[in-house]
Amino acid sequence: MFVDCSFSITLHNIHRIQKDIFERETLQQPPYYIHGEKNELSQFAVCPACDNPIQIIGLYKSIKDGRECYGKHHLNSIRGLAEYNQQAYDYCPYSQNRINVNENSRKDQLTDYERRIYTLMREQFDRVIYVLSKAIDIKITASAARRMLETYINGRGWLYSWATLNNLPYVLGHLTWSKTLYGQLIFRDSPLHKAIIEKCPSAELTPHSYYSDYDIISKKENGNYIDLNYCIIDHKRSIVNDQNEETMQLLVTNGRGNHAELIFKKRLEIDEAYFLNLINLPEERAQRNESLINIAAELMPALT
Ligand SMILES: [Zn+2]
């Protein structure tokens with residue numbers, strides 16, 4: 001059961017399931033309002049996490065325990081709305097299945113759902129990098145973004161078991177292992193910036209000439225050797241109050257192996273709606289980064 005829904009499988013916005021929003025978005029028309037077997041009118045939408053059809057319960061009839069209306073998976077296709085996809089359901093955070101996964105877990109089949117993830121990465125790579133950069137207070141440079149995308153492609157990240165359209169920016173960070181901070185840009189007012197100054201005195205943080213809110217990391221001339229890296233680990237998800245709570249941990253370290261010192265740790269909370277709502281901004285408000293879009297187009301052939 002869940003409290004959010006979307007109304008299309010293609011690059012959809014995510015909405016709260018509420019009567020006024022539901023009526024406004026669907027105009028009470030098919031395929032959202034359908035007469036069922038007993039000629040009862042039922043309402044349908046799309047699961048916010050796996051693109052399967054969902055049935056809306058309690059939109060017009062009050063529910064016994066007094067709860068608000070909610071969605072539940074509908075295990076059949078709804079023509080014109082969404083095809084039922086068993087694999088996507090099996091790995092959906094809202095399904096009953098609880099399959100433990102790690103960074104190396106991949107789904108068996110490339111279905112339409114994973115193809116949509118691939119295409120989303122290809123067409124929205126600049127926004128993927130934007131959302132991830134913002135979450136971790138590290139402005140990822142174009143060359144670093146390219147290396148990350150190469151690793152993601154080698155590991156066929158679109159098949160990662162817990163990959164969804166919603167968590168794409170974070171999954172990119174998660175599946176691309178340890179990344180150097182050398183030459184990267186750190187947001188000046190962030191706790192990460194403060195932690196580097198306090199715990200890594202050999203790091204030089206120089207204001208960036210173009211991004212005035214950021215400092216670029218290098219080594220002080222007479223400072224000790226530094227080896228600052230970050231990784232995004234510990235992907236977790238659980239349903240709390242009918243909503244998917246999904247988190248990862250950002251770790252920043254100095255040094256290698258057993259000698260690595262933890263400089264900074266931050267819990268990353270993945271907002272189910274933010275990324276998809278961002279890419280649905282009207283064109284006049286959208287700011288695109290052409291060089292990142294071109295990197296993705298170069299590295300990822302369009303699916304036919
Ligand atoms: Zn689902």
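This is a predicted model: local features need pLDDT of at least 70, side-chain atom pairs count only at pLDDT 80 or more; totals for chains, interfaces and linings use all residues.
Two strands pair if DSSP finds at least two bridges between them.

**Entry: one bridge**

I looked up A203 to see where its bridge leads. The partner of A203 is K219, over in β11. The strand on the other end is β10, residues 203-207. I then checked how β10 and β11 are joined: there are 5 bridges between them, and the two strands run antiparallel. β11 itself covers residues 214-219.

**Entry: the whole sheet**

Which order do the 4 strands of this open sheet follow? I read off β7-β9-β11-β10, paired antiparallel. At the edges I find β7 (138-139) and β10, each pairing on one side only.

**Entry: two helices**

Next I went to helix α4, residues 125-136, and helix α9, residues 290-299.

From α4 I have F125, D126 and I129, and from α9 I have L292, I293, I295 and A296. Sorted by class, this contact has 6 nonpolar residues, 1 charged and no polar ones.

**Entry: domains**

I stepped back to the domains. The protein chain is split into domain 1, residues 4-90, and domain 2, residues 112-299. I looked up the distance between their centres, taken over C-alpha atoms, and got 33 Å. How many residues does each domain bring to the contact? Domain 1 gives 12 and domain 2 gives 13. On the side of domain 1 that touches domain 2, I see 7 nonpolar, 3 polar and 2 charged residues.

**Entry: the chain overall**

Last, some totals. I find 9 helices and 14 strands in the protein chain. The C-alpha trace spans about 80 × 45 × 40 Å along its principal axes. Of the 304 residues, 36% are buried. I also looked at contacts with a separation of 6 or more: 62% of them are between residues 24 or more positions apart.

Note on methods:
Residues are numbered from 1 along each chain as its sequence is written. Domain bounds come from an automatic or database domain assignment. Two residues are in contact if their C-beta atoms, placed from the backbone, lie within 7 Å. Ala, Val, Leu, Ile, Met, Phe, Trp, Tyr, Cys and Pro count as nonpolar, Asp, Glu, Lys and Arg as charged, and the others, Gly among them, as polar. Axes are lines fitted to C-alpha atoms, for helices over the stretch in contact, and angles run from 0 to 180 degrees between N-to-C directions. A residue is buried if 20 or more other C-beta atoms lie within 10 Å of its own, exposed if 12 or fewer, and partly exposed in between; C-beta atoms are placed from the backbone.
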